[in-house]
Amino acid sequence: GFGSARSIPVGTTTRPSIPPAGDVDFFTIDAPAAGRMDVSVTAIADVRPFPWQKGSLFIDPIVELYNSAGTLLQRVDDPSNSVATERVSAQVTAGARLVVGVRNWAPNGNRNAYSITPTLVDNVAPTLTGTQPGGGQVGVNPAGLVAAAAFNEPVSGVSASTFVLRGPGGNGVAASVSYD
């Protein structure tokens, strides 16, 4: 069950196995930031070339995604393709914990390793956490003024066309822009 869940890192492929038959692997994944957590799980195909050689030890993963309270968020199994890579996703906040359960659709286990890879997709826009001078201030002398803005995470693409200092009438004020 969840109590035996093994913690796996985001952005790294882990290669566990499912022996014996009926085994269910549980993993915890802690989101390092807000975004969409994608988890992919590969199948294990029996790749012997002739049908009469094939065994029954393939792994056709059924993947279940839970929140930390144990609520099932998503269950994925492609019934038409036993060698498909299965993918589950959830939008998360920083520090959120997800639990992934992996079981085999087939009634067998296999000591060969399948792979599970959690990936965080940064789909959350940065937010402004502070400005200098503060909004709505009046009587600020623009000569030599250094205006600053701080964001909740590193940003890129800051330029004179994406960051504009506006005067009292709402018009842009000529300024040079730099960032660190």
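A nonpolar core is a set of buried Ala, Val, Leu, Ile, Met, Phe, Trp, Tyr and Cys residues joined through side-chain atoms within 4.5 Å, where buried means under 20% relative accessible area with a 1.4 Å probe, protein chains only. In this predicted model, local features need pLDDT of at least 70 and side-chain atom pairs count only at pLDDT 80 or more, whereas totals for chains, interfaces and linings use all residues. Residues are numbered from 1 along each chain as its sequence is written, and side-chain values use heavy atoms, with hydrogens and water left out.

**Fold**
- The protein chain contains 10 strands and 0 helices (DSSP runs, E of at least two residues for strands, H or I of at least four for helices, numbered from the N terminus).

**Core**
- The largest nonpolar core comprises 22 residues, and Met37, Val39, Val100, Val102, Tyr114 and Ile116 have the most contacts inside it.
- At least two residues of this core come from each of strands S2 (24-30), S3 (35-41), S4 (61-67), S6 (86-92) and S7 (97-104).
- Val39 touches Ile29, Glu86, Arg87, Val88, Val100, Ile116, Thr117 and Pro118, leaving aside residues up to four places away in sequence; contact means heavy atoms within 4.5 Å.

**Overall dimensions and burial**
- The C-alpha atoms of the protein chain fill a box of roughly 85 × 35 × 25 Å along the principal axes.
- Of the 180 residues in the protein chain, 27% are buried.

**Contacts across the sequence**
- Among contacts in the protein chain with a separation of 6 or more, 65% join residues 24 or more positions apart.

Methods
Buried means under 20% relative accessible area, exposed over 50%, partly exposed in between (1.4 Å probe, protein chains only).
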